[in-house]
Amino acid sequence: MPDKAELLRLVRDASLDADRVSALESALFAGGLHPDAPVVVGALIEYAAAGEADDAESLLLTAAQVVDMLPEPTAAAVLRPHREKVLGLLAGPDPETTETAAGLLGSCGVDPALAARLRVIADAPGTDAWLRSTAMVSAARLDPAAAARWLPAQLDSRRAVAALDAMRTIGLPPPPASAAALARAWAADSEQASPHSLTKLVRYVGDYSVLPAIAGVGDDRARTDVASALGALHAVEPLSPELTDLLLTLLDDSAVEVRRRAYQVVVFDAALSRRAADRLATDLSRGDRARPGAMYALIDIGDDRWQPFAGQALREGWAPPNLAAALVSADLPWAQLREEVLRRIEAIVAGEPMPLRRRIDELRNLVLVADRSGDATARAEVGRLFERADEVDKMIMRRAFRQTD
């Protein structure tokens, strides 16, 4: 384990070369937080503020990671001597650095004077939207008692999203008008709202009707946020019938990114895929760009409408990861698949890049399909490809052949 002197040397190296930040982080976080980690926070801030660091933001992000892992009193004690240096960074030209600096200040402990200075920055007309939002949240953390008075007044402004995020952060209950304020502000300016998680804020205000309200009047970006929020919600709790209908409606949205986000939720959920099966089959048949997801979902729910397109998917390289396994049990004419299966095996053996788990599953299943076809010529072709394979692929293919014995 490096001592304090070694840690400080690693900080200096990281300030000179951003590629060396990873070495510093390994020393700080491997096996839990290094016991001497607090000593590097000040050094990281000093180098970032000096104006000569290779990547000031990466230094501040490392400091923030350390601070987040420290008990709150310790974090505040470590940061307070460096408040002015961090404040100075808020005037810099790089928006990512300024936002990170503003967030770091929020861990300085109760400090009404510092909170007031951050509010001045948040209220300035020319302040970047992300910096404004983060400065408001940090100001609330630094003076929660005062924030409980001034944050509710922000709900009638364009800063409503940031104000709600600050209320959530310091544990204030949501005001009665918070849901309407969230829907109105997010739909009106989704780009300004983007630093925050819509999912967290919807759960905070406790009214999921915010999502259809935003989708009804918001721009493409706002509707993309809604699709993402629906996916995040669906991962932790069942969607209501109204929200499920909204998600399925977004499959037909005019914006490509909105459709893509909605698809990502639908195709990996069997119940949603069954409801949208006709739509998925149509997308597959018309060659929609979402056809890999459509085929994946149809296979997953046992809808055979994927079968006529199996050969095309293999031939054109857009086959979903569950296709090869589906071919093992499907009763498809071998002549319809012969060339595509053999060429796909050849591509894998030739070293097509893919995750190892998928490589193992796909190669094994494709060899099974070819071997069970009863086509002696195809089996001989697989044998020829076997001789060209590396040792890992040979092992996979041997096991596949054993399954047919």
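Setting aside neighbours within four places in sequence, D111 is in contact with R83 and L142, where contact means heavy atoms within 4.5 Å. This is a predicted model, in which local features need pLDDT of at least 70 and side-chain atom pairs count only at pLDDT 80 or more, while totals for chains, interfaces and linings use all residues. Residues are numbered from 1 along each chain as its sequence is written, and side-chain values use heavy atoms, with hydrogens and water left out.

Let's stay with D111 for a moment. You will find D111 in the loop between α7 (95-105) and α8 (112-123). Because its relative accessibility is 10%, D111 counts as buried (under 20% relative accessible area, with a 1.4 Å probe and protein chains only).

Now for a pair of helices. Helix α11 (residues 160-170) packs with helix α12 (residues 178-188) at an angle of about 135°, their axes 8 Å apart. On the α11 side, A160, V161 and L164 make the contact, and α12 brings S178, A181, L182, A185 and W186. By class, seven of these residues are nonpolar, one is polar and none is charged.

Finally, look at charges and rings. The charged end of R119 sits over the ring of W150, 4.0 Å from its centre. Likewise, the charged end of K394 sits over the ring of F386, at 5.8 Å from the ring centre. Here, sitting over a ring requires NZ of Lys or CZ of Arg within 6 Å of the ring centre and within 35 degrees of the ring normal.

Key
Axes are lines fitted to C-alpha atoms, for helices over the stretch in contact, and angles run from 0 to 180 degrees between N-to-C directions. Helices (H or I, at least four residues) and strands (E, at least two) are DSSP runs, numbered from the N terminus. Ala, Val, Leu, Ile, Met, Phe, Trp, Tyr, Cys and Pro count as nonpolar, Asp, Glu, Lys and Arg as charged, and the others, Gly among them, as polar. Buried means under 20% relative accessible area, exposed over 50%, partly exposed in between (1.4 Å probe, protein chains only).
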